[in-house]
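Here is a short briefing for a first look. Start with the view below, then read the points by topic.

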Protein chains: 2
Amino acid sequence: MNTETTPKAEDNVIFVGNKPVMNYVLAAVTQFNEGAKEVTIKARGRAISRAVDTAEVVRNRFLLDVVVDRIKISTEELTSEKGDNINVSSIEIFLKRP
Amino acid sequence: MNTETTPKAEDNVIFVGNKPVMNYVLAAVTQFNEGAKEVTIKARGRAISRAVDTAEVVRNRFLLDVVVDRIKISTEELTSEKGDNINVSSIEIFLKRP
């Protein structure tokens, strides 16, 4: 058995992009219901507000025992298509189920 | 002297809306430079990502000793112009200077 092919830790990360909030909510709820004790919701730039929406909908409407364990904000340096360096804010919301 | 007319605590809150990020950065830097030990950056809805940008620019480019003390996310129930109740996510970023 090769453990490298099953990176369990990464399975519990939801990357929030431009899809509707409920897509990410469903992904997070599914992971918790499959037994995850922690799910991390990540986003960059304008998707950050959608990541907050995702966390709020998960814990207020679907899994009332889930709590926000920690929130981390940071800055990532990306390279644009033109080759410029641009700074983009990012957020990680660590949700935990007791 | 009526202390109720000078709510000092509220002076240290920056409400982030639709203006350019640097407006809010300047407001936060000014409050720290006037002696504030804590400044809170608040935003709702789509302005949440701009609040994160504001915090990141303040601590990475202007005041390198400022740290993120705590981040709180919540849901506020607002009434739309049509009278409907709508839920809006909000964020509070508590910045601290040692």
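How many residues does the contact take from chain B and from chain A? It takes 15 residues from chain B and 15 residues from chain A. The model is predicted, and the predictor gives the complex an ipTM of 0.86 and a pTM of 0.87.

**The chain B side of the contact**
- Three elements of chain B give two or more residues to the side that touches chain A: α3 (48-62), β3 (67-79) and β4 (85-96).
- Of these, α3(B) gives the most, with 7 residues.
- By class, the side of chain B that touches chain A has 7 nonpolar, 5 polar and 3 charged residues.

**The nonpolar core**
- The largest nonpolar core has 44 residues.
- The members that touch the most other members are A28(A), I41(A) and A51(A) from chain A, with A28(B), I41(B) and A51(B) from chain B.
- Leaving aside neighbours within four places in sequence, A51(B) is in contact with V16(B), I41(B), K42(B), A43(B), I91(B) and I93(B).

**Confidence in chain A**
- Chain A averages a pLDDT of 91, and 89% of its residues score at least 70.
- Within chain A, confidence is highest in strand β2 (residues 38-44), at a mean of 98.
- Confidence is lowest in helix α1 (residues 8-11) of chain A, at a mean of 55.
- Over residues 1-9 of chain A the pLDDT is below 50. Beyond near neighbours in sequence, this stretch has 0 contacts in the model.
- Where pLDDT is low, predicted coordinates should not be read in detail.

Key. Residues are numbered from 1 along each chain as its sequence is written. Chains are lettered from A and ligands numbered from 1 in the order in which they are written. This is a predicted model: local features need pLDDT of at least 70, side-chain atom pairs count only at pLDDT 80 or more; totals for chains, interfaces and linings use all residues. A nonpolar core is a set of buried Ala, Val, Leu, Ile, Met, Phe, Trp, Tyr and Cys residues joined through C-beta atoms within 7 Å. A residue is buried if 20 or more other C-beta atoms lie within 10 Å of its own, exposed if 12 or fewer, and partly exposed in between; C-beta atoms are placed from the backbone. Two residues are in contact if their C-beta atoms, placed from the backbone, lie within 7 Å. Helices (H or I, at least four residues) and strands (E, at least two) are DSSP runs, numbered from the N terminus. Ala, Val, Leu, Ile, Met, Phe, Trp, Tyr, Cys and Pro count as nonpolar, Asp, Glu, Lys and Arg as charged, and the others, Gly among them, as polar. pLDDT is the predictor's confidence in each residue, from 0 to 100.
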